[in-house]
Amino acid sequence: MTYIVEKSDNETQETGAADFEADAAYAACGDVLVTGMDSMESGTGPRFHILRLERPDWSVWRPGQFVMVRPKKEWADLVWGRPFSICKMTEKELTLFFQEAGRGTKRMGQLRPGDEVTLWGPLGRGFAVESEKPTLLLAGGIGIAPFVGYVERHPAPQNMRLEFGHRMPLECYPFRELAGMIQATAHHETCRADLTAFIECMEQRIRETRDGLILACGPTPFLRTVQTLSLQYGARAQLSLESRMACGVGACLGCVVNSAERMKNVPTPGWPVQVCQCGPVFWADEIDLNE
Amino acid sequence: MNSTAPCLTVKLPGLTLKNPILTASGTFGYGLEFARYGDLAALGGLIVKGLSLKPRVGNPCPRIAETPCGMLNAIGLQNTGVEEFLRKKLPRLPWRETAVIANLYAQSAEEFASLADILSLEPGIAALEVNISCPNVRKGGAAFGQDPAAAALATEAVAARARDKTVIVKLSPNVTDICAIAKAVENAGAHVLSCINTLTGMAVDLESRKPLLANIIGGLSGPAIKPVALRCVWQVSRAVSIPVIGLGGIASARDALEFILAGASAVQIGTANFIRPDAAFQIVDALPRVMRELDIPDIESFRGTLKA
């Protein structure tokens, strides 16, 4: 496949799966300090964290790209960094939003201001920006994180709409921040019927946005639904995937997803491609999400 | 304290390295993935992801699992094949400045010979590392590495077609007597040995009652295996008269020097490249300083000086 990626502020370049270096040419690795940590309980659910870090040296990034973070101390037990979508960047800080899901994120949740982390990024491919087109954002749970930066940097917020499905209390997520900038609806899933209603709403919105751009981030079953609906209605959709990864730079081959027909520059059809390098954002028709 | 710059040069049969720090196959991609985190030419050498004659898609996911102080992998040698590597990747690597070493994977002695034949014609390839120890593929791989006669067969096949290239054979620790394999491979024409590949292991999830890897069994790497690797390097370097390259859990310049003290001529940085992508470059930078602190004037005279 080919699509336009933002190489710098005024330079664009066509790339394919084999030319992964293009987007990540600006990546760097270094140690930065934690500047802030806000944690939220969600009752019986997982804890949520907003982690603020000293802004790294790099300045060119694209919403949808991610960073790898690894606490420096007391972490010999856990060898891998953890991948996090860039939530937003200011002149001084890089903000990440995550929920505790396993040992790595639990360790991350213990970070306090002044602690040092190793950080490398920005990594992978980000979301397309087509500012003149109607843009539908579909987020499931923690998948809302990259859309904060996306909406903040988008030149035409009036063209965007967010449908957000969540299980934990709405206060756990940066939803109100987004709802202040664009049209946004939250769908609280407490039972099967809620989920059905959310999917019906997504179907209607996807149909309406057939000539626009659809961006989705969330758990794999949610992405599978968006993929199926988008392909069914011939809508152009990008999906941001989550995957278990060790390196984040394309070397460990742990995070791969099977490619689909539209993915070009692969040795054989269906070739497994690295989520960290060819993604995490893929066009819906580039990947096969079936197990 | 010795104030002059320590000598880092390592001489191997047919191959001189500017320093003893190499990157291990399977942990450093094709090298290019790491070019933005450091100067590839500053490394003693880089050993690329295992190459087969034809592209291989590898194993299903999940392929990796984090374990205490280490990780398991069962990638299954996914690679684009030797031709694609030579056409698209090798020309972009700084092979004039540093040793680019190809890692060979095959399922038969004939395939090993064909691979060696293709790769030994390449001026950009400094040496061939023969993988007779991958635990994650059904055919070939460890099947060659677990039997002295089979290991010798694979080694002979490569050595016969290696032309002027140095032949390195990467040994498996998953054997009763690693020294017996080492000697068989030495007699079959290996110039250098790499010790060790991953240890076979597994991890399970008690809640889902499923294995953490789709392949169930995988290869354990990282700091967790360092004592095993050090033991293998110690034993093998005393059992053979050819040089040994040590690897297994090396994550710092001090770790690297421990392996050299135990008998290794050079080392490979593996899983540490995942801990942070500039790990190998940082180790190259730190090595002269640590050597000065420890009063080590040069790598070659320090090698194997363990007081045991």
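In chain B, helix α4 (residues 148-161) packs against helix α5 (residues 178-187) at an angle of about 35°, and the two axes lie 8 Å apart. The structure is a predicted model, in which local features need pLDDT of at least 70 and side-chain atom pairs count only at pLDDT 80 or more, while totals for chains, interfaces and linings use all residues; side-chain values use heavy atoms, with hydrogens and water left out. Residues are numbered from 1 along each chain as its sequence is written, and chains are lettered from A and ligands numbered from 1 in the order in which they are written.

Helices (H or I, at least four residues) and strands (E, at least two) are DSSP runs numbered from the N terminus. Axes are lines fitted to C-alpha atoms, for helices over the stretch in contact, and the angles run from 0 to 180 degrees between N-to-C directions. The crossing of α4(B) and α5(B) is right-handed, a term that applies if the near helix is turned clockwise from the far one by less than a right angle, anticlockwise being left-handed. On the α4(B) side the contact (heavy atoms within 4.5 Å) is made by P148(B), A151(B), A152(B) and T155(B), and on the α5(B) side by A180(B), I181(B), A184(B) and V185(B).

In chain A, α4(A) and helix α5 (residues 220-233) also pack at an angle of about 35°, here with their axes 10 Å apart, and α4(A) passes α5(A) in a right-handed crossing. Residues of α4(A) that take part are F198(A), I199(A), M202(A), E203(A), I206(A) and R207(A), which meet F222(A), T225(A), V226(A), L229(A), S230(A), Q232(A) and Y233(A) in α5(A).

Helix α4 of chain A, which spans residues 192-208, also holds both R205(A) and E208(A), three residues apart, or about one turn of the helix. The side chains of R205(A) and E208(A) meet in a salt bridge with an N to O distance of 3.0 Å, a salt bridge being a side-chain nitrogen of Lys or Arg within 4 Å of a carboxyl oxygen of Asp or Glu. R205(A) counts as buried because its relative accessibility is 17%, where buried means under 20% relative accessible area, exposed over 50%, and partly exposed in between (1.4 Å probe, protein chains only).

Over all chains the structure holds 26 salt bridges. One of them joins R82(A) to E66(B), with the closest N and O atoms 2.4 Å apart; this pair crosses between chains, from strand β6 (residues 82-85) of chain A to strand β5 (residues 64-67) of chain B. Both R82(A) and E66(B) are buried. The side chains of R161(A) and E163(A) form a further salt bridge (3.3 Å, N to O), in which R161(A) is partly exposed, with a relative accessible area of 22%, whereas E163(A) is buried, with a relative accessible area of 0%.

In chain B, A116(B) lies in helix α2 (residues 109-119) and counts as buried, because its relative accessibility is 0%. Leaving aside neighbours within four places in sequence, A116(B) is in contact with L104(B), L128(B), V158(B) and R161(B). The C-alpha atoms of A116(B) and L128(B), which are twelve residues apart along the chain, are separated by 7.5 Å.

Most residues other than glycine have a negative phi, and most peptide bonds are trans.

N265(A) belongs to the loop between β15 (256-259) and β16 of chain A and is partly exposed, with a relative accessible area of 41%. L77(B), found in the loop between β6 (70-73) and α1 (82-89) of chain B, counts as buried at 5% relative accessibility.
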